[in-house]
Amino acid sequence: MMPAFFLALIAAGGAALGGREAVRVAGLSAALGRAPGLLAACWLACLGVSGMAAGLGLLASERLGSAPVTGVALGLAALLLAVQRPPPTPAEPTRSFGAIGLVLGAGQLVSSTALLVVAIAASFVAPGPAAVGGALGSSAALTAAWLSGDRWEACMPVSVLRWTAATLLLVAALIVVAGRGALP
C-alpha cells in the first residue's frame with residue numbers, strides 16, 4: 001500500500017510540474033493575485049480527479065488485467081506530456097470559484113497525472129493510496145505554481161521537465177508492454 005502512495009505522490013507531482021495545468025494555474029495566479037479560491041479549486045480538482053482515476057484504474061485492471069492497463073496508461077501519459085502545450089492565460093480570467101474549478105478539473109481529467117494514478121492503482125491494486133498520493137503530489141505542484149505566479153515559467157524549466165517525464169513514462173510503458181508485467 002505504501003509503495004503505491006509514494007510512487008503516485010512522486011510521479012503525479014513530477015508530471016504536474018511539467019504539465020499544462022501548472023502553467024495555467026501560474027498564469028491565473030498572476031492575473032488574479034494569488035486568489036485563495038484558485039488554490040482551493042486546485043486542491044479540489046486534484047482530489048476529485050485522482051479519486052476518479054484510481055477507481056478507473058482498479059475497475060479496468062479487474063476487467064483487463066493490470067499489465068495492459070498499466071502499459072496503456074503510461075504510454076498515454078507520455079503522449080499527453082509530449083503533445084499538450086500549455087494554454088495561454090485568459091485575458092480576463094473569471095473570478096468564479098465554480099468556473100475555475102470546472103476548468104481545472106476538466107484539464108486534470110485529460111492529464112498525464114490522472115493517467116499515472118490510473119496506472120499505479122491498476123498495477124498495485126491499491127486505489128486508495130494511489131488516489132491520495134496522486135492528489136497530494138499534483139496539489140503540491142499546483143500550489144508551487146500558484147505561489148510562483150508570473151515567475152513560474154522563468155523559474156521552472158517546464159519544457160525540460162515535460163520532455164524528461166514523457167521520456168521516462170514512455171520507457172516505463174515499453175518495459176511493461178514488453179512483458180515484464182505491471183510495476184513492482
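Guide: Glu 21 and Arg 24 form a salt bridge, with 2.8 Å between the closest N and O atoms. This is a predicted model, where local features need pLDDT of at least 70 and side-chain atom pairs count only at pLDDT 80 or more, while totals for chains, interfaces and linings use all residues. Residues are numbered from 1 along each chain as its sequence is written, and side-chain values use heavy atoms, leaving out hydrogens and water.

Visitor: Why is the contact of Glu 21 with Arg 24 called a salt bridge?

Guide: The term asks for a side-chain nitrogen of Lys or Arg within 4 Å of a carboxyl oxygen of Asp or Glu. The N and O atoms here are 2.8 Å apart, so the pair meets the cut-off. Side chains of opposite charge can pair when their charged atoms come close. The structure holds 1 salt bridge.

Visitor: Where do Glu 21 and Arg 24 lie?

Guide: Both belong to helix 2, 3 residues apart, which is about one turn of the helix. Helices here are DSSP runs (H or I, at least four residues), numbered from the N terminus.

Visitor: What makes Glu 21 and Arg 24 buried or exposed?

Guide: Buried means under 20% relative accessible area, exposed over 50%, and partly exposed in between (1.4 Å probe, protein chains only). Glu 21 has 5%, so it is buried. Arg 24 has 16%, so it is buried too.

Visitor: How do you know which class Gly 149 belongs to?

Guide: Its relative accessibility is 8%, and therefore Gly 149 counts as buried. Gly 149 sits in the loop between helix 7 and helix 8 (152-155).

Visitor: What makes the phi of Arg 34 worth noting?

Guide: Phi of Arg 34 is near 50°, a positive value in a residue other than glycine. Arg 34 is in the loop between helix 2 and helix 3, and at 41% relative accessibility it counts as partly exposed. Val 125, also not a glycine, has a positive phi of about 50°. Val 125 is placed in the loop between helix 6 and helix 7, and its 53% relative accessibility makes it exposed.

Visitor: What makes Val 72, Leu 76, Leu 79 and Val 83 a nonpolar surface patch?

Guide: A patch takes residues with over 30% relative accessible area and no salt bridge; like charges are joined within 9 Å, and nonpolar side chains (Val, Leu, Ile, Met, Phe, Trp, Tyr) within 5 Å. Leu 79, one of these residues, has 48%, so it is partly exposed, and that value passes the area cut-off. Leu 79 is found in helix 4 (residues 66-83). Together the four residues make about 350 Å² of patch, with areas from the Shrake-Rupley method and a 1.4 Å probe.

Visitor: What makes a space a cavity or a pocket?

Guide: Both are found on a 1 Å grid over the protein atoms alone. In a cavity a 1.4 Å probe fits but cannot get out, while a pocket is an open set of points with protein on both sides within 12 Å along at least five of seven lines. Lining residues have an atom within 4 Å of a point. By this rule there are 2 cavities of 30 Å³ or more.

Visitor: What lines the largest cavity?

Guide: It has 16 lining residues, and the closest to its centre are Gly 19, Arg 20, Glu 21, Ser 111 and Ser 112. About 120 Å³ of space lies in the largest cavity, a volume being the space filled by probe spheres set on the grid points. By class, its lining has 6 nonpolar, 7 polar and 3 charged residues.

Visitor: How do you know how nonpolar or polar the lining of the largest pocket is?

Guide: Ala, Val, Leu, Ile, Met, Phe, Trp, Tyr, Cys and Pro count as nonpolar, Asp, Glu, Lys and Arg as charged, and the others, Gly among them, as polar. On that basis the lining divides into 13 nonpolar, 1 polar and no charged residues. The residues nearest the pocket's centre are Leu 7, Ala 11, Leu 116, Leu 168 and Leu 169. The largest pocket has a volume of about 280 Å³, and helix 1 gives the most to its lining, with 5 residues.

Technical notes
Helices (H or I, at least four residues) and strands (E, at least two) are DSSP runs, numbered from the N terminus.
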